[in-house]
Amino acid sequence: EACDRSDDRTRQLLTMATATADLATAQTWDELAAGLATTCQDSCYWACRHEFFSLCGLPREQFEGIVKDWWGVRQLWCHMLATEVGRQLGIAAGLEQKLDSAWAQRVERWLENTYASATAEVGCPPQQAMLQTKARPLVNMVSGRLGAAPPRAPPARVVKPPTASILAARARVNSGSAGAVGDRIVCDECGKDFARSLRRCPTCSPSSLRKQSDSPKRSPEEEQADWRQHPAASIDAVDWKTTREVHFCHGGSGGVVLTRLDAGVVCVKSCAPGELFAQRLATALGVRVAGMRLAGSSGPDSDEEVQLRRGLRMFTRDVEKNNMLSATLILRHEFLAVLEFVNGFGMMGMEAHKHLSGSEAAQGDELWEELGRLMGLDLLLNNYDRLPLAWNNDGNLCNIMLGSSLGRIVGIDQLAAPITHPEGFERYLTLVRSAALEALNGAGPRFGAVAEAIYNNTGVTPSQSQVDAMRRGCLEFARHAAAFAASGELERMVDGIGREVRAGFHDMQDSAAAVFAAGGMAVKVALALGEVIN
């Protein structure tokens, strides 16, 4: 079978032609399923090629920037990432109706074989499971554009039996030849035995050993707590020559570089038109989100651009410190944004648990009402990467900042994700109306999903009064936006924001189309909200 001939497949992949027929970007899940079936090579993998990016509507530069050279054979890793994206989208789109019920098994077998080839000469390669994490943001981009996927049962995953080498290693350990019985265990991935006290295999997860060393290196939590002690600097006039320290923070849109200057801390990240549009609309409608502006005023060759990149690159020479390799990748983007530093923490983990169950509980419902207003904003933007009010996902509560001096609730990393296909947009409006009805008449499954996400991330179950406060905040925002839309003020607002964003991105064709679609969607969603709540 073609999928089992890994050596031949490796040579094929490394020499494959790049000239392929263009495919139109899928506008529905059915079109996506048909396109995935067409582009699936040998019915078991997707190649990192233009036709795949065109079908999914994914930017190739962002896609290829995810893969790192130290992982192994770079081109094979790119094909593997494309295949993992195709696998996850195929499950959501019901690809078994276009191929057959065993397609997912063939894809997983191809991934295993290709992973072995891609990492054959790497001493300590990343784990194959990392592909699922790297692919998820790309999958979210596609699903956010298409709207809610039709409900389908996912195909059964293959459970691999232990190999002969793993069984032999287990027998050796159990017999006591590898040490005292019970003191060592066998890794299911590589078949090597290791001390039970390590908990994780040092071959597959070498960082487990480093964490137990006597190194004085601080944990990420300690690093973040230290940075929160610094004041925020104004983003309006930044003296990049006074850069003193940088720190990279991971994030779903490529991460952000915290930059400490003499005047305080600002943030730098790559920027897309939809992000700047979302921030400007939030500010115009009175929802507190982190401030943002594009770096430079006359394009990437402006004086500020040069000073910014030069100032940050002085601190990116040590690749090991603070994931500076990721920071250098941010600096390669054409458009960079300067963001307001939010000296708080995301709505997840122990800090959020203490915050929500401690002092904030005595401050009334203001925090929860502001959270509801933020959810209302997300409805206008189709910003699916925060709370699952109108989206069937787990949410990303890292994009909700607590404990900041800027406000009880501060939104970060918002994005306007317009749905351009008429049927997909109508399905989205159905979910929006459902959320609005719950905000008006009483909580149901939509607000229940939000409460569940908060519990899963913080261990705090919102009380009935807190859920009601979220509903009030969402309803207040919806009425505000609907009134603006009915009077024509919202249309004038998004038109002015659109002109600013298009000018910032030099009126590039893609950015102009994205901003126009985002503005039109916001107005239509606001009008739909008005039909429900008025």
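Some ground rules come before the details. The model is predicted, so local features need pLDDT of at least 70 and side-chain atom pairs count only at pLDDT 80 or more, while totals for chains, interfaces and linings use all residues. Numbering starts from 1 along each chain as its sequence is written, and side-chain values use heavy atoms, with hydrogens and water left out.

**The sheet**

Let's start with the strands. Helices (H or I, at least four residues) and strands (E, at least two) are DSSP runs, numbered from the N terminus. Two strands pair if DSSP finds at least two bridges between them. By that rule, five strands make an open sheet, ordered β3-β4-β5-β7-β6, with antiparallel pairing. At the edges sit β3 (245-249) and β6, each pairing on one side only. From one strand to the next, the twist averages 25 degrees.

| Strand | Partner | Bridges |
|---|---|---|
| β4 (residues 256-261) | β5 | five, antiparallel |
| β5 (residues 264-270) | β7 | five, antiparallel |
| β6 (residues 292-294) | β7 | three, antiparallel |

Lysine 269 faces alanine 337 in β7, and arginine 293 has valine 338 of β7 as its bridge partner.

How covered is strand β7 (residues 336-340)? It is mostly covered, as five of its five residues are buried. Buried means under 20% relative accessible area, exposed means over 50%, and partly exposed is in between (1.4 Å probe, protein chains only).

Angles run from 0 to 180 degrees between N-to-C directions, and axes are lines fitted to C-alpha atoms, for helices over the stretch in contact; contact means heavy atoms within 4.5 Å. Helix α11 (residues 273-284) lies across β5 and β6, and its direction makes about 140 degrees with β6. Helix α12 (residues 303-313) lies across β3, β4, β5, β6 and β7, at about 75 degrees to β7.

Now for α16 (422-441). The expected span of a helix is 1.5 Å times one less than its number of residues. For the 20 residues of α16 that gives 28 Å, and the end C-alpha atoms are 28 Å apart, so the two agree. Its buried residues include Phe425, Tyr428, Leu429, Val432 and Glu438. What do the buried residues of α16 pack against? The partners are α7 (130-146), α15, α17 (445-458), α18 and α20 (509-533). After α16 comes glycine 442, with a positive phi near 145 degrees.

**Single residues worth a look**

Two residues other than glycine have a positive phi. Asparagine 382 has a phi near 55 degrees; it lies in the loop between α15 (366-381) and β9 (400-402). Is asparagine 382 buried or exposed? It is buried, because its relative accessible area is 1%. Aspartate 413 has a phi of about 60 degrees, and its place is in the loop between β10 (410-411) and α16.

Finally, histidine 480 belongs to helix α18 (residues 464-487). With a relative accessible area of 30%, histidine 480 counts as partly exposed. Histidine 480 and glycine 530 are 50 residues apart in sequence, and their C-alpha atoms are 9.3 Å apart in space.
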